[in-house]
Amino acid sequence: MTSVTAEAESGSKSTLASKKPNRFLRGEERTAWWFVLPSFALLLIFVFYPMLQAFVISFQNYNLVGSTRSFIGLDNYKNLVTDRDFLASLRHSFHFAIIVIPIQTSISLCLALLVQKKFAFTGLFRTLYFIPVVISTAVAATVFKLIYNKEFGILNNVLKAFHLPTTNFLSNPETAMYGVIMLGIWKGVGFFMIIFLAGLNNIPQDLYEAARVDGATKIQQFFRITLPLLNRTTAFVVIMTTIDAIKLSGLVFVLTGGGPNGSTETAVYYIYKMAFQQMQMGYATAAAFILFVIVLVISLVQLRLFRNAEY
């Protein structure tokens, strides 16, 4: 009887001991949910609900002037597919993205490799390269507008010094987009330099030491060690650069206003113009969802390609 009683008591104690951690975990989970709930509520109110409302509006003929709404089904989407101005704005966005993505990514990586090395003015150069990121878009665009000025701009003065023809970059449809591209690269390269720098610092130095012992050159180390181990960092940089490039609007708004002759009118600027200048909110919202789908598909394809490159 005594042994049976002892076994029963030990069994009950172990049961109580096993229940305590579970109760503790449940209490931790409840606390965690209470911390998450305010953020989730903000997302629900200010992100998901507006997105749902916008999706509904995209199927309506909604004009902000008269505040009239009427359901028109897929007419907005059908009209956008044949809208020359919208298709042209998409081409301009892709033109910007195709040039900016490889150049900005390459410059960011090169700058990260330069400032990774420890020397006297490393901190100074890191700060100088990052300053354009924190400068306001309006300020940066205004400064570049002065630089591009045909009469007293620095760029044209440099061209004059080399006896080259001058031009008003922002008034010429053939060069205006390249003026926006130069500003976009200058403003964004510092941020992605920091991302690459973080990726470079995570690469074990033992690999480079082993490669040097085996007689590998700096170029071989870069292509055999640095680039493969930066694959995930590069994927993040490329995807984020693509998203930022396709949704370009602020620089265009301040620098060119979509001109000249619509040569710099990007998709997001077109959406803004339709929504708040022509007051066609339903049409603009449909364009926004088309752009959202395009960006989502491109990002998923890029992510898949980088994942396949790892294997």
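Visitor: What is Val180 in contact with, leaving aside its neighbours within four places in sequence?
Guide: Val180 is in contact with Phe96, Leu248, Leu251, Val252, Leu255, Thr256 and Thr264. Contact here means heavy atoms within 4.5 Å. This is a predicted model, where local features need pLDDT of at least 70 and side-chain atom pairs count only at pLDDT 80 or more, while totals for chains, interfaces and linings use all residues. Residues are numbered from 1 along each chain as its sequence is written, and side-chain values use heavy atoms, with hydrogens and water left out.

Visitor: Okay, how many residues are in the largest nonpolar core?
Guide: That core has 47 residues, and Val180 is among those with the most contacts inside it, along with Leu80, Phe86, Phe96, Leu183, Leu255 and Leu291. A nonpolar core is a set of buried Ala, Val, Leu, Ile, Met, Phe, Trp, Tyr and Cys residues joined through side-chain atoms within 4.5 Å. Buried means under 20% relative accessible area, exposed is over 50%, and partly exposed is in between (1.4 Å probe, protein chains only).

Visitor: Which element gives the most to this core?
Guide: α13 does, with 10 residues. Helices like this are DSSP runs of H or I with at least four residues, numbered from the N terminus.

Visitor: And where does the core lie relative to the domains?
Guide: Between them, because domain 1 (29-71) and domain 2 (84-308) both give residues to it. The domain bounds come from an automatic or database assignment.

Visitor: How much area do domain 1 and domain 2 bury between them?
Guide: About 740 Å², with 77% of it on carbon and sulfur atoms. That is the accessible area (1.4 Å probe) the two parts lose on being put together, summed over both. On the domain 1 side, Ser58, Tyr62 and Leu64 lose the most area to domain 2, together 50% of what that side buries. In residue terms, 10 residues of domain 1 are in contact with eight of domain 2. The domain centres, taken over C-alpha atoms, are 31 Å apart.

Visitor: Switching to Phe144: buried or exposed?
Guide: Phe144 counts as buried because its relative accessibility is 11%. Phe144 is in helix α5 and touches Leu183, Trp186 and Leu255, not counting residues up to four places away in sequence.

Visitor: What about Ser93, which helix is it in?
Guide: Ser93 is in α3, residues 84-116.

Visitor: Why does Ser93 count as buried?
Guide: Because its relative accessibility is 1%. Beyond its neighbours within four places in sequence, Ser93 is in contact with Ala245, Ile246, Thr266 and Ala267. Ala245 and Ile246 are also among the buried residues of α10.

Visitor: How far does α10 reach?
Guide: α10 has 16 residues and reaches 22 Å from its first C-alpha to its last, close to the 22 Å expected at 1.5 Å a residue. The expected span is 1.5 Å times one less than the number of residues.

Visitor: Last topic, where does UniProt place the transmembrane regions?
Guide: The unreviewed entry puts them at residues 32-52, 94-115, 127-148, 176-200 and 281-301. UniProt positions follow the numbering used here, feature names are shortened, and annotations may be inferred rather than shown by experiment. In the model, residues 94-115 are 100% helix, with end C-alpha atoms 31 Å apart. Residues 176-200 are 100% helix as well, with their end C-alpha atoms 36 Å apart.

Conventions: Helix = DSSP H or I, 4+ residues; strand = E, 2+ residues; numbered from the N terminus.
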